Amino acid sequence: MIKLKNTTKYFRVGFFGIKKYAVYDLSLTIEEGKVTGFFGPNGAGKSTTIKMIVGLIHPSNGIIKINGYDSTDYRARLNLGYLPENPSFPRGLKGIEIINYYSKLLNKKINKNEIYDALKLAGIFYAKDIHAHKYSKGMTQRLALAISILGDPEILIFDEPLSGLDPIGRKEFKDIIFKLKERKKTIFFSSHVLADSKELCDKIAILTGGRLIKNEGIAAIEKEAEGYTEAKLNLSKNRERTQGTAKPEQDKDYLLIAEYSTPLEIYLYDLMRKNKKN
Ligand SMILES: Nc1ncnc2c1ncn2[C@@H]1O[C@H](COP(=O)(O)OP(=O)(O)OP(=O)(O)O)[C@@H](O)[C@H]1O
Ligand SMILES: [Mg+2]
């Protein structure tokens, strides 16, 4: 449904306009009806990739196709909802006025009930008559989510949908993603939180330094992760036995295992750490 082929994005920076690569030669297929998690450290190029998919910026090289349309073509966005990173809204408008405005930008007629349903699903209906500049971060995030699902699009692109939410908000947001997943939506979301991966994702893509280092189904990755963690734990135990010095509690591999609760998290963390360039 969404295909990125050898996509590169660079920005020209500084007085001499030197090329700064944010995404490099990225080929990725985002499968229809699946949830794909997009992970990577700060500055990895996740938001840049997402902005290219939704057509806010254009690739320097390579192509992106959405339902067969180039991402630069308006038709690519007709069935697509986007939740940006750190959304914000103009002062002086109520939540309901903002979502009404966005509903008019869509290519289909959205009635009042549909707007209410989106607000209810996003859990912000109760605050629709409050000015949005009085919203908390989580409330703002919810209004942006309601806007992104207006018109019931088949493709949903969320840039860090869970950031800045309290534990209850996170749980509720995840439940919304589950609901959308049940409706067979194609969901592509970025996150820093490795623990989100197993719960939500069918597939995981990892980006570091603008390059894709992993793109696999969750079952395959989990299998790799279990083998990896077991080997790591054995290494830690062996070091303790042969060197006799480091207690397991002081061993950095052991500490890492203690800090993260699942093999998948440990594996993903290590993958990112090893490939991190900046
Ligand atoms: N308009 C721009 N001009 C110059 N450099 C940019 C621009 N936009 C992004 N970059 C650079 O591209 C790289 C990738 O940024 P991007 O925002 O895509 O990262 P990210 O993976 O979303 O990070 P985070 O997890 O912090 O949100 C960074 O080094 C950033 O400074
Ligand atoms: Mg980002």
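## Helices α2, α3 and α4

In this predicted model, the buried residues of helix α2 (95-105) are covered by elements that include α3 (112-121) and α4 (137-148). The buried residues in α2 include Gly 95, Ile 96 and Ile 99, and because they cover an arc of only 90 degrees around the axis, they sit on the same side of α2. On the face of α2 that is turned away from this buried side, the exposed residues Lys 104 and Leu 105 are found.

Ile 115, Ala 118 and Leu 119 are buried in α3, and they line one face of the helix because, seen down the axis of α3, its buried residues fall within an arc of 100 degrees. The cover over the buried residues of α3 includes α2 and α4, while the cover over those of α2 includes α3 and, again, α4. Just after α3, the backbone at Gly 123 takes a positive phi of about 70 degrees.

The loop between β6 (80-83) and α2 contains Pro 90. Why does Pro 90 count as exposed? Pro 90 has 10 other C-beta atoms within 10 Å, and a residue is classed as exposed if that count is 12 or fewer. From C-alpha to C-alpha, Pro 90 lies 28 Å in space from Asp 73, although the two residues are 17 apart in sequence.

## The six-strand sheet

An open sheet with mixed pairing is built from six strands, which follow one another in the order β6-β7-β8-β3-β9-β10. Each of the strands β6 and β10 has a single partner strand and stands at an edge, so one side of each is left without a neighbour in the sheet. On average, and with direction ignored, neighbouring strands of this sheet are turned by 15 degrees against each other.

Helix α9, residues 263-275, lies across β3, β9 and β10 and runs at about 25 degrees to β9.

Strand β9, residues 203-208, is mostly covered, with six of its six residues buried. In a regular strand, side chains alternate between the two faces of the sheet.

Strands of a sheet pair through backbone hydrogen bonds, in either the parallel or the antiparallel sense. Strand β3, residues 35-39, pairs with β9 in the parallel sense over four bridges, and the bridge partner of Thr 36 in β9 is Lys 203. The pairing between β9 and strand β10, residues 211-217, is antiparallel and extends over six bridges; Leu 207 has Leu 212 as its bridge partner in β10, and Ala 205 has Asn 215. The strands β9 and β10 form a hairpin with two residues between them, and in the turn Gly 209 has a positive phi of about 50 degrees.

## The four-strand sheet

A further open sheet consists of four strands in the order β2-β1-β4-β5, with antiparallel pairing. The edges are held by β2 and β5 (69-70), each with a single partner strand, so one side of each is left without a neighbour in the sheet. Between β1 and β2 the antiparallel pairing runs over nine bridges, and Phe 11 stands opposite Lys 20 in β2.

Which of the 13 residues around ligand 1 come nearest? They are Phe 11, Ala 22, Lys 46, Ser 47 and Thr 48. The elements that give two or more residues to this shell are β1 (2-13), β2 (18-30) and α1 (46-53). Helix α1 provides three residues, the largest share of the shell around ligand 1.

By residue type, the shell around ligand 1 divides into four nonpolar, six polar and three charged residues.

How values were computed. Residues are numbered from 1 along each chain as its sequence is written. Chains are lettered from A and ligands numbered from 1 in the order in which they are written. This is a predicted model: local features need pLDDT of at least 70, side-chain atom pairs count only at pLDDT 80 or more; totals for chains, interfaces and linings use all residues. A residue is near a molecule or strand if its C-beta atom, placed from the backbone, lies within 6 Å of it. Ala, Val, Leu, Ile, Met, Phe, Trp, Tyr, Cys and Pro count as nonpolar, Asp, Glu, Lys and Arg as charged, and the others, Gly among them, as polar. A residue is buried if 20 or more other C-beta atoms lie within 10 Å of its own, exposed if 12 or fewer, and partly exposed in between; C-beta atoms are placed from the backbone. Two strands pair if DSSP finds at least two bridges between them. The arc is that of the directions from the helix axis to the C-beta atoms. Two residues are in contact if their C-beta atoms, placed from the backbone, lie within 7 Å. Axes are lines fitted to C-alpha atoms, for helices over the stretch in contact, and angles run from 0 to 180 degrees between N-to-C directions.
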